[in-house]
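Subject: Structure for your review

Dear colleague,

Please find the structure below, together with its sequence. My notes on what was found in it follow directly after.

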Amino acid sequence: MSDKLEAYYGLPNEVKFCKKCVISNQRPSSTIEFKSEIGEKKKVINFNEEGVCSACVYHAEKETGIDWNDRDGKLRELLAKFRSDDGSYDVIVPGSGGKDSAFTAHVLKYKYGMNPLTVTWAPHLYTSIGWENMQEWMHTGGLDNILYTPNGILHKEMTKNAFHNLLHPFQPFIVGQRIIGPAMAKKFGVKLVMYGENQAEYGNSIEENTNPIMNMDFFSSEDALSMKFGGVSMQEYIGAGKYTKDDFAPYIAPEKQDLIATGVEVHYLGYYLKWDPQECYYYSVDNTGFQANPVRTEGTYSKYSSIDDKIDPFHYLTTLIKFGIGRCTYDAAQEVRNDKITRDEAAYLVDKYDTEFPDIYFKEFLEYIDTTEDEFWSTIDKHRSPHIWKKAGGEWKLRHTVAKTGVDD
Amino acid sequence: MKIAIIDFDIGNVRSILSAFENQGANVCLTNDKNEILESNGVILPGVGAFSHGMDSLNKYGLIEVIKEYTESNRPFMGICLGMQMLFEEGDEFGKTKGLGLIPGRVVKLPTKDSQNEKLPHVSWNELNSKDIQWSGTVLEGVKEASDMYFVHSYVAEPDNTYILSTTEYSSYNFCSSVKLGNIYGCQFHPEKSGKNGLKIVKNFIRMCENE
Amino acid sequence: MNKIRVIARVDVKNEFVIKGIHLEGLRKVGNPNEMALDYYNNEIDEIIFMDAVAAYYDRNSLSELIRKACVNVFIPITVGGGIRTIDDIKNTLKSGADKVAINTKAVQDPDFISQSKKIFGSQCIVSSIEAKAIGGGKWEVYTDNGREPTGKDVIEWAKYVEELGAGEILLTSIDKEGTKKGFDVELYQSVASIVSIPIIASGGMGKSDDAVQLIKRANVDAIAIASVLHYKLESIQKIKDTLVRNQIKVRL
């Protein structure tokens, strides 16, 4: 190819795949979601000179370079600092009752003797297995929970905007989900918030992994009105006349100064314990009544990961469209790093499942975002970056796949 | 000293080979007439239908070879279908002639109540000697009521003289092993019956060494 | 009543034994040949090797493993996972297996069972059925290692595979397997009431009493156990002793 193809979002022109796992160099890093702009340039996962992604580099470090006994000691010190002695909650665990939060909350309570309050930012639309697992988390896992469901009218509109403007329907959800931990901590007078795995493990800059504390920028804001949802600022929503600032209460991030003053700290359990998502599955089945998805999850080969939201498959569909990688790539990359499958096996699975269209909840998704099928495809196609997609024989095909089956491979 | 295992495209012979090797024998898998006739011991394996088994033996021209070998009185053992084919006739898929080396017929295992006694008879079951002497036979040293692995729907009905052991299934005592001179038959699979089965394999090997 | 067979179910991925829950998860628990030999030495009655990822990778690859196992494990060996053609069966038996377990292919093409039975005999053909409870006393047949629903009713399917000529049924409860919370007794009661070929119950055993509860209430012929052995929750000896104490005959 003599001419360089245009790459949307400022993504790297050349599509490369990690030599160790199956993730591509198009994978975006975590961002401060409520600042997401339309068409903004994405920061992506780093590949070193050997062509290995930072998540794999971090994983190698996890295996040999970290003294986990020491980290456990640090965890105990931390928890000792916050543990209550009067029966009040002493740690907030945000989560949906999926394997990661189920593990986190249960282990904090039953192994480390804390008194957690789990808080859930409701999925857009609960799947039945998701709801059952959530309930079991309490009924069998023996934990307390607050389920926070934001105003659906606003949430749907924000999701619709996020889909069409950013092709990132989950953006408003992620804003709320990140804020709820610290927000609930403030309300309940709890100072410690504990998440499970550090997202940095999946490819943010390595330095973020040496820090157990979540960057406050993710969940605090100086100026609420400038927060963007689906590429539209709160000010603009209010200005259009349908909503007032009251409606945005769930999304208004606590002020940084406030949090610092109250001494709220947000940590990742994944910094202190050697994390293995599949082992969280086993643990949660054994301890919190978790059940895997009865059927294979669309777009992947597994049944245990991210199964509680009907809209979830569409998040992965949009990563496939924008970055050329779908749910299977994410699942498989994680399992390669954690030594469950080989890279060859992962490539085979990605080839088999990554581009599977999520049919089961398609109609419900369209209804949720008040969009017709034509409008859906029109938006999708607008976001296909030329350096990732090519129209061949009337169909859109990936130029490059990890199994080297792309039209340009 | 060499033991030949007859190869006629039927059944899992690898386990039989392994079992004999495990017990120290020099074994080969063959359907070559000379190789068989020159062996110190011969094993006739087999799973599946009587008629298929006989057809296959016929196809490989082995029927006369086996008869010739057994005339020399050297040790010979039929396992499962291999035992059934030693007899005169079998009922599976219509009447089929067997090797006729031992008087008797092969019939379907009678079961009283198909709910509780299913077919095929797939299970570990006990060998009973009644008053039969096992010393000097392939069952020497095998404890009374030892469990062996059975999987079959048909059984042999020999003359009492030749019965070496009986086994009970569905309140019916069937013949689980036979002996006529140095010709033996085991309805069960000694190569699949754990350490008890290996005793039988070892006994057969010793017999071949002594001949 | 037959002696109940106590069978070790060994799920294999490449060179490892793995153990999942609800047929999900690839946690490594040991080496297949070592574990098979260990169970054989401790008087297990039979071994079932299942290629746990045959469905993922559209392959089957246990031949080498079986060949090694046959060298020192002298009890019946059944092999399943990715058995799709007559050649697959031939090669598997040639490697040393006594029986093959077939699921996905049979659902896609039921005639495969009758063909296989004609060539190899019923005693070699085990119909493997993965059952998921769907309420109202019904179970649905799944394929591809518990991933794909088929819309078929387990009871009807079990009856059908018997007619087609399967010699035994390996019946796995997806809901219970790997949970160590006991067997789905109703499942086995329902299927046992309409088929007359042997049934191997698989999925859920966590302690000896689970087996007693099942066998006393459902007419099964064998139990296939995994977690309880792989995680060393109980020894084979203890399981058999418990069964005997409860008037259930086993090979000792």
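The area buried between chain C and chain B is about 2,700 Å², and carbon and sulfur atoms give 49% of that figure. Please bear in mind throughout that this is a predicted model. The contact draws on 39 residues from chain C and 31 residues from chain B.

Three salt bridges are counted between chain C and chain B. In one salt bridge, C:Asp98 pairs with B:Lys192, and the closest N and O atoms are 2.7 Å apart. The interface of chain C and chain B also holds 10 residue pairs in polar contact, with both residues at pLDDT 80 or more. On the side of chain C that touches chain B, the elements giving two or more residues are α1 (32-41), α3 (63-72) and α4 (86-95) of chain C. Sorted by class, that side of chain C has 17 nonpolar, nine polar and 13 charged residues.

Salt bridges within the chains

Over all chains, the count comes to 43 salt bridges.

In chain A, A:Asp70 and A:Lys74 form a salt bridge, with the closest N and O atoms 3.1 Å apart. Both residues belong to helix α2 (residues 68-82) of chain A, where they are four residues apart, about one turn of the helix. A:Asp70 is partly exposed at a relative accessible area of 39%, and A:Lys74 is likewise partly exposed at 37%.

A further salt bridge in chain A joins the side chains of A:Lys397 and A:Glu395, at 4.0 Å from N to O. The relative accessible area of A:Lys397 is 34%, so this residue counts as partly exposed. A:Glu395 is also partly exposed, at 48%.

In chain B, a salt bridge connects B:Glu89 with B:Arg105, their closest N and O atoms being 2.8 Å apart. This pair links distant parts of the chain, 16 residues apart: B:Glu89 lies in strand β5 (residues 89-90) of chain B and B:Arg105 in strand β7 (residues 104-108) of chain B. B:Glu89 has a relative accessible area of 24% and is therefore partly exposed; B:Arg105 is partly exposed at 28%. Through salt bridges that share partners, B:Glu89, B:Asp91, B:Lys95 and B:Arg105 are joined into one network.

Yours sincerely

Note on methods: Residues numbered from 1 in each chain as written. Chains lettered and ligands numbered in written order. Predicted model: local features only at pLDDT ≥ 70, side-chain atom pairs only at ≥ 80, totals over all residues. Heavy atoms only, no water. Contact = heavy atoms within 4.5 Å. Buried area = accessible area lost by both parts, 1.4 Å probe. Polar contact = N/O pair within 3.5 Å; in protein donor to acceptor, adjacent residues only side chain to side chain. Nonpolar A, V, L, I, M, F, W, Y, C, P; charged D, E, K, R; others polar. Buried < 20%, exposed > 50% of the residue type's maximum accessible area, 1.4 Å probe, protein only.
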